[in-house]
Amino acid sequence: LHYGSNTEVQYALNTFGIPNEALRIDGNGYAQSEWMDRKMQDLRKKEKVKVDHQKMIYEQDMYHHDVDGKGNAVKLVKIYHPVANDVLLGRGRPYQYHPGNHVMMDMVEEQKPDHVQGSRFVKKHITEQIVNHIRSKGGRFLRRIEKPSPHGPETDAAAANRNTADNNSDSLRNQDPCVWELDRIHDKAFHPYWIQVPDSKAHEKVAMAFRNLTRRDKDALVTET
């Protein structure tokens with residue numbers, strides 16, 4: 001430490017090879033205003049770059065940018081963890097075993113007689129009722145969005161190894177397919193997320209469930225005969 005007046009301190013620092021210009025201090029011991037202004041501007045620019053970068057990361061993590069049926073840009077909230085009341089769009093066991101899909105199928109089976117015998121208007125009304133009921137319970141109709149792997153496209157060897165691992169895990173899958181498959185879907189290592197679909201897609205999902213149920217019953221009848 002150096003004690004004394006500003007001039008004495010500057011002289012003492014000069015003996016160590018530190019010029020007065022390097023201190024950015026005027027003769028009264030105050031920071032030079034021009035240098036301080038430039039320093040503050042630089043700090044504000046760096047802070048703005050940091051804030052803009054954080055906003056960009058937040059935007060990427062929180063929103064999915066898409067285009068609606070009319071060609072308008074839309075911003076949809078990304079959903080990383082569907083809840084039990086949600087209905088997942090897609091095919092396969094992980095979707096069939098999801099609780100929200102179970103609830104939807106129970107409602108479809110209950111409304112099937114009226115749906116089969118009803119007119120086109122009645123069928124549309126039943127479909128809307130099911131969608132509205134699911135949403136009234138906090139359920140959402142979600143579509144899964146796959147994010148590309150940070151390691152690039154999967155090679156043939158990697159695909160073969162993954163398929164072998166899947167085949168070797170058949171016993172685990174058969175023991176508890178719901179837990180096994182849904183854990184894989186929700187695993188953050190795969191980096192998937194979900195977005196809510198518009199009403200038209202939700203209605204298509206329910207209408208498809210009615211068609212699949214009718215087709216299943218017809219196939220069962222043919223098998224019995």
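Gly139 is found in the loop that connects H6 and strand S4 (141-145), where helices (H or I, at least four residues) and strands (E, at least two) are DSSP runs numbered from the N terminus. The model is predicted, so local features need pLDDT of at least 70 and side-chain atom pairs count only at pLDDT 80 or more, while totals for chains, interfaces and linings use all residues. Residues are numbered from 1 along each chain as its sequence is written, and side-chain values use heavy atoms, with hydrogens and water left out.

Gly139 counts as buried because its relative accessibility is 5%; buried means under 20% relative accessible area, exposed over 50%, and partly exposed in between (1.4 Å probe, protein chains only). Not counting residues up to four places away in sequence, Gly139 touches Asn85, Asp86 and Ile134, contact being defined as heavy atoms within 4.5 Å. Pro82 is 57 residues from Gly139 in sequence, and their C-alpha atoms are 9.3 Å apart in space.

Helix H5 (residues 99-117) packs with helix H6 (residues 120-136) at an angle of about 160°, and the axes are 10 Å apart. H5 is therefore roughly antiparallel to H6. Axes are lines fitted to C-alpha atoms, for helices over the stretch in contact, and angles run from 0 to 180 degrees between N-to-C directions; those under 35 degrees count as roughly parallel, over 145 as roughly antiparallel, 65 to 115 as roughly perpendicular and the rest as oblique. On the H5 side, the contact includes Met104, Met107, Val108 and Gln111, and on the H6 side it includes Ile126, Ile130, His133 and Ile134. The residues of this contact comprise eight nonpolar, four polar and two charged (Ala, Val, Leu, Ile, Met, Phe, Trp, Tyr, Cys and Pro count as nonpolar, Asp, Glu, Lys and Arg as charged, and the others, Gly among them, as polar).

The largest nonpolar core has 16 residues, of which Met104, Val108, Ile130, Ile134, Phe141, Val206 and Phe210 touch the most other members. Such a core is a set of buried Ala, Val, Leu, Ile, Met, Phe, Trp, Tyr and Cys residues joined through side-chain atoms within 4.5 Å. Two or more residues of this core come from each of strand S3 (87-89), H5, H6 and helix H10 (199-224). H10 gives the most, with five residues. A second, separate core of five residues includes Ile79, Tyr95, Leu142 and Trp194.

Overall, the protein has 10 helices and five strands, and 22% of its 225 residues are buried.
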